Amino acid sequence: MADHFLNGPTPAEEDPVVHRALATLPAFAPGPVFEDRVMSRVWQPLPPKLRQLVLAWRDYVDSGRVYGPLGALAVGALIPLGVAIGLVVTFSTQIGSFLAWLVGVGVPFAWAMARADIAGVVSTVNTYIAALFPSGTALMAAAIGSALVLAGCTFGLYRTMNPRGAMRLSR
Amino acid sequence: MHTPLDLTGVTDQEVVERASTGSEAAYRELVRRYQRPVFSLIYRMVRDRELAEDLTQETFVKVLNAIDRYRPEYKFSSWIFKIANNAAIDHLRRRELDTLSLDGGPDAMTPDRVQATSLQLGDGAESQLEELEARELGTQIERAIGALRPEYRACIIMRHVEGRAYDEIADVLDLPLGTVKTYIHRARAELRESLGSLRG
């Protein structure tokens, strides 16, 4: 009686033909690999412990409690910025003369040192290469070999990141 | 305590709880439980097997990827049917396929498409005459359901094929309970009219 009140007259009461027709309706099923197709597109579930951490963090953010610590961090970041600005204003003369020295003397000196070091490294490498590959042909063969190894490694990395099975399943 | 592969007697809520802790067996159990009802609903709404499989797949991917956002105070079946119905209705609105023929959708220009958009009926084990009658009745009712407005169609399928209660249908379709009752009443009346030739 309660069901009748909630759900109205049944089709059998209202019309037996409609009721009989509706009763013939079959349930359809998707294709045989449907479950695997769905699972291939569902994110890999996280390990339970890590998932608990993620859920706890999400709850923490959703509850709004995260804004307190975030505000404190923002204020904390402003303090050193204010101190830095204060120092620049207070010691502006000294900072100016230091920058002038840096541009006039420091940077050219550092560049000359670096150039000398680079030249030394290049010269050493050149000596080793000349010792290892005395002829131009040997050098060329080594270069081609290196290129092939590099191409192989790149292909291997690509296949590792895109396995064939996954590509086929994810339609 | 159930083994990971034996979730058949477990309630939906418990399976969802297990799924939200990362159990792949629970994910698969939810797919197994709901693939037929969800697919049937979408297939009867869009009338294209391939498309229905794609929309069903989208429904499951959406639901399972958001499983930790599921609120246990609602029925899981209502949640998944709501997403499935929205997917079908969105598609119908985009394609404007409000009323479709059982013999193939209006976009069916080739024999393959006609085959794809025709509902496959009648594989029971009755006697030949009963099978013929059942097939004719099944064909008529499918045709009549296909001619209903999408809202009526969703209501009548959920009520009479899936056996859902009125309040759950109202929840799934985001409609007032009274509107659902009206839709089902009108849908039955239209079905009665369409099946008039089979009376007697």
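## Getting to know chains A and B

Reader: Hello! What share of the residues of chain A count as buried?
Author: Welcome! Keep in mind that this is a predicted model. Chain A has 171 residues. Of these, the share that counts as buried is 5%.

Reader: What share of chain B do buried residues make up?
Author: A residue is called buried if 20 or more other C-beta atoms lie within 10 Å of its own. Chain B has 200 residues. Its buried residues make up 40%.

Reader: Which pattern do the elements of chain A follow from the N terminus on?
Author: Chain A has nine helices and zero strands. From its N terminus on, then, the elements run α-α-α-α-α-α-α-α-α.

Reader: And how many helices and strands does chain B have?
Author: Read along the sequence, chain B follows the pattern α-α-α-α-α-α-α-α-α. In numbers, chain B has nine helices and zero strands.

Reader: Where does helix α2 of chain B bend?
Author: Helix α2 of chain B covers residues 24-46. Of its 23 residues, 18 are buried, so α2(B) is largely enclosed by the rest of the structure. The helix bends by about 45°, with a proline, Pro37(B), following within four residues, and the place of the bend is Tyr34(B).

Reader: Which residue just after α2(B) takes a positive phi?
Author: Look just past the end of this helix. The phi there is about 60°, and the residue is Arg47(B).

Reader: How are α8(B) and α9(B) oriented to each other?
Author: Helix α8 (residues 166-173) and helix α9 (residues 177-194) of chain B pack with their axes 9 Å apart. The angle between them is about 105°. Angles of 65 to 115 degrees count as roughly perpendicular. The two helices, α8(B) and α9(B), are therefore roughly perpendicular.

Reader: Which residues of α9(B) make the contact with α8(B)?
Author: From α8(B) come Tyr166(B), Asp167(B), Ile169(B), Ala170(B) and Leu173(B). The residues of this contact divide into six nonpolar, no polar and two charged. On the side of α9(B), the contact is made by Leu177(B), Val180(B) and Lys181(B).

Notes: Residues are numbered from 1 along each chain as its sequence is written. Chains are lettered from A and ligands numbered from 1 in the order in which they are written. This is a predicted model: local features need pLDDT of at least 70, side-chain atom pairs count only at pLDDT 80 or more; totals for chains, interfaces and linings use all residues. A residue is buried if 20 or more other C-beta atoms lie within 10 Å of its own, exposed if 12 or fewer, and partly exposed in between; C-beta atoms are placed from the backbone. Axes are lines fitted to C-alpha atoms, for helices over the stretch in contact, and angles run from 0 to 180 degrees between N-to-C directions. Angles under 35 degrees count as roughly parallel, over 145 as roughly antiparallel, 65 to 115 as roughly perpendicular and the rest as oblique. Two residues are in contact if their C-beta atoms, placed from the backbone, lie within 7 Å. Ala, Val, Leu, Ile, Met, Phe, Trp, Tyr, Cys and Pro count as nonpolar, Asp, Glu, Lys and Arg as charged, and the others, Gly among them, as polar. The bend at a residue is the angle between axes fitted to the seven residues ending there and the seven starting there.
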